[in-house]
Structures are given as structure tokens and as C-alpha cells.
Amino acid sequence: MTSRIVIIGGGQAGGWAAKTLRDEGFDGEICVVAEEAWDFYERPPLSKATLLEPDAALPRLFSEDVQQTLSLNWYRPLRAEAIHRDTKTVALSNGDSLHYDQLLIATGGRARVPGNAWAAHPQVYTLRHWQDAQQLKGRLAACKTLAIVGGGWIGLEIAASARKSGVAVTLFEQQPALCMRSVSADVSARLAEMHREQGVDIRTGCGALELEDNHGLPTIHCDGLRETFDAVVVGIGVTLNLELAADAGLNINRGIVVDAQGRTSDPAIFAAGDVAEHHQYGLCIQSWAFAQNQSVATAKAMLNADAAGYDEAPWLWSDQYQHNIQILGIPQAGSKTVVRENSLFFSLDDNGRLTQLVAFNDARTVKLAKRWMVAGRDLSDVPLADPTFSLMSLR
């Protein structure tokens, strides 16, 4: 059996990989290279409970007892500077090098900002790490007005948390609709309606944003208007940390190209989580479910070349106000959207197959829809929009 596995990345994907390796009986050395000082933790609570609860603790992936049983050798806080495939070593930022028999790249991404002025302003925040959440939480406590740049899922979750805290929120989105890259126009409209009902001032289709400073406070210049806020949160996505893999000569497309088992173009190197390109969809799926389930499948394959690979449809969820929103699948151009009671949004292709379901507060239908997708079921003649029709009859 492989004697040493090195995991680069201390996030959720790296954590589930480490635990799975132990659960599957690997008794060799597991080394984890991580830039943060914390044990593995989950990111989804950072935009919700961490901001809202007075004494919110680190949302640990595993209990302290479980973490101890993993028997990991941590290299933190350190960066992996280079992968030398010829010698099977990883160069670390402290000058040391670490030999591996197998390597897992789970480097995730970093928050994107519009430019240097935004990154340098003391009242402009991003939300990617535990420390980011602590800094933003401290500012929100003394904040009356907040601008959010970016109308994607992270921006909307922060908007919901800020409104729950009584902060006035203005949201700027350059695209004509919210979350429009990931959901249909009908869902975008439903999201906008939901947030406007809660008092969020949504500005979609706005032009290029410029940042100015007004006596220490950020001022956003947009479409001829200058507005000053107590703080600005930028939530315009992430830049994937692909540099290590690219410099090592691995095959890169939108992310690190992997097969169903998470294997890269080098048979000794695997990739998991945000940086791993979904082998069926050709996309990098940034979701809790992908980070966990794809890394579990990858870890099993590192120990067993015949292990089943990862083949799940993309699935993510978002908690906003009192709503749990689940998104299954990827929207496809030309899909027709069928709306049921403004809470279920079915996107069907030309053959009546479900390409995406967005469900507001309806986890049971999501479970059903996963079966329909696997079976490639033709739903074209099913009265999905009729609230009197029982979806359970389609089991």
C-alpha cells in the first residue's frame, strides 16, 4: 500500500479525502499542507450562522475527537510553492520539500476583486475564510449601510444575513439578472422578488463600478451616481488556485482535468473540490456537495484503482431568510422552464428530460428529480405546473 499521501489544501475537499482514506483502512502517512491555521471547517456557515450568531464557533468539519483519530501530519500555515513530478516532491514556502507517493490537489480558490483599489480599501470585504467572516462580522455590528457587489449566491446570502441584522443593503449586479449564469430567468426573478420583499435595493444591469474613498468610507460610482456606504462586500466569484497544477504541467481546462476517479494527467496525482473539473459537465462545481462527494470518491480511488468514480449531477443549496433553495443540475441553452406555484422550477430539454430543478423549500421533490435525471425520464407530457398533480406519482 502507498506509504505517504500528501494533500495540498486544508478545506472541505481535503478534509473529506483525509477522513475517507482512514475510513478505507489506509494506515500510511497523511500529510496536509494548509495555508490556514485551523483544522478542516465548512464554508457555507460563514455567510449565515457565523455572521449572525454572537458566539459562533469555527464550523468544524469533524469533532475534535474524530480529527485526532485521523492522525495527520500538518504543515501549516504554509503554502505549496511547486510540485516536482520527476522527484515526486512538493516544495513548501518555508524552504522544505515533502516527498509523496500519491498527491491530492485540493487548493480551492481565492476571492476575486475588481481591482487593486478594492483590495486595498479597509472597508471593502470578501468572504472566503474564517478570518474574513470574523472581520466582516465585526464591521456589520457597527454598520448601517452595506453595499454588496455581485448578485450570485454568496452575495445574496450575505444580503439576507445583513438584513436580518437590520443593516440597509444595496446590491449591485452588472448582469441583467441575479444568478443568471446558474439558473433560469424565472428563478432570477423569484430571487429578486424575495430580496426586494425584505428591503434589499437591487441594482441589476449596472455599468462598470468604480471605487472612491470618502474620509475612510467606500464610495461606489455607478452610472453617474456616487453613493457612500459604511462597508462594501465583494462577492463576484473566485479565482481558482490552478497555478500549482499548471506549473507542474498537468492538463488544465476550466479546472484541473480529471477522470471519474479524480485522477489527473499524472497517474500519481489526483484533484478534488473546486479546482477539479467535473468530468461529465466540463465545469468546476463550487458546492458543498461536490467538495464532499467527489473528494470521497477520489480518495477511494487513490487506494483502489477499481473503485467506482464520481458521476453525480451538480447539486447545491442556499439558505436565505426562511427559505432553503436547492439547485439540481445545470441550465442548458434552449431549455424550457415550467413553473409550479412559484416554488418549483423545472428546466426541460427538447426531449423532455430534466436538465435542472430549482426548489424553494421542497427537498422531497429534489430527491425525486435525482431519480428522473439518472433515468433520463421524458417529462414532456407530465403536467408539472399543475399543483393538483402529485409529483410522488412519478416515482
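This is a short chat about the predicted model shown above.

Visitor: What should I know about the model before we start?

Guide: The model is predicted, so local features need pLDDT of at least 70 and side-chain atom pairs count only at pLDDT 80 or more, while totals for chains, interfaces and linings use all residues. Residues are numbered from 1 along each chain as its sequence is written, and side-chain values use heavy atoms, with hydrogens and water left out.

Visitor: OK, how many helices and strands does the protein chain have?

Guide: Ten helices and 25 strands. Those are DSSP runs numbered from the N terminus, with helices being H or I of at least four residues and strands E of at least two.

Visitor: And what's the radius of gyration?

Guide: It's 22 Å, close to the 21 Å that the globule rule gives for 395 residues, so the chain is as compact as a globular protein of that length. The radius is taken over C-alpha atoms, and the rule is 2.2 Å times the number of residues to the power 0.38.

Visitor: What share of the residues counts as buried?

Guide: 53% of the 395 residues. Buried means under 20% relative accessible area, exposed over 50%, and partly exposed in between, with a 1.4 Å probe and protein chains only.

Visitor: Let's switch to α1. Is that helix enclosed or open?

Guide: Largely enclosed by the rest of the structure, because eleven of its twelve residues are buried. Among them are Trp-16, Lys-19 and Arg-22.

Visitor: What do the buried residues of α1 pack against?

Guide: β1 (4–8), β2 (29–33), α3 (64–69), β7 (102–105) and α9 (288–303). Contact here means heavy atoms within 4.5 Å.

Visitor: Then how many residues of α9 are buried?

Guide: 13 of its 16 residues, so α9 is mostly covered. From first C-alpha to last, α9 reaches 23 Å, close to the 22 Å expected at 1.5 Å a residue. That expected span is 1.5 Å times one less than the number of residues.

Visitor: New topic: where's the cis peptide bond?

Guide: A cis peptide bond joins Arg-76 and Pro-77, with omega about -15 degrees. Pro-77 sits in the loop between β3 (73–75) and β4 (80–84).

Visitor: What about the phi of Asp-223?

Guide: Asp-223 isn't a glycine, but its phi is positive, about 50 degrees. You'll find Asp-223 in the loop between β14 (217–222) and β15 (225–228).

Visitor: Buried or exposed, that Asp-223?

Guide: Exposed, at 59% relative accessibility. Glu-341 also has a positive phi, of about 55 degrees, and Glu-341 is exposed at 57%.
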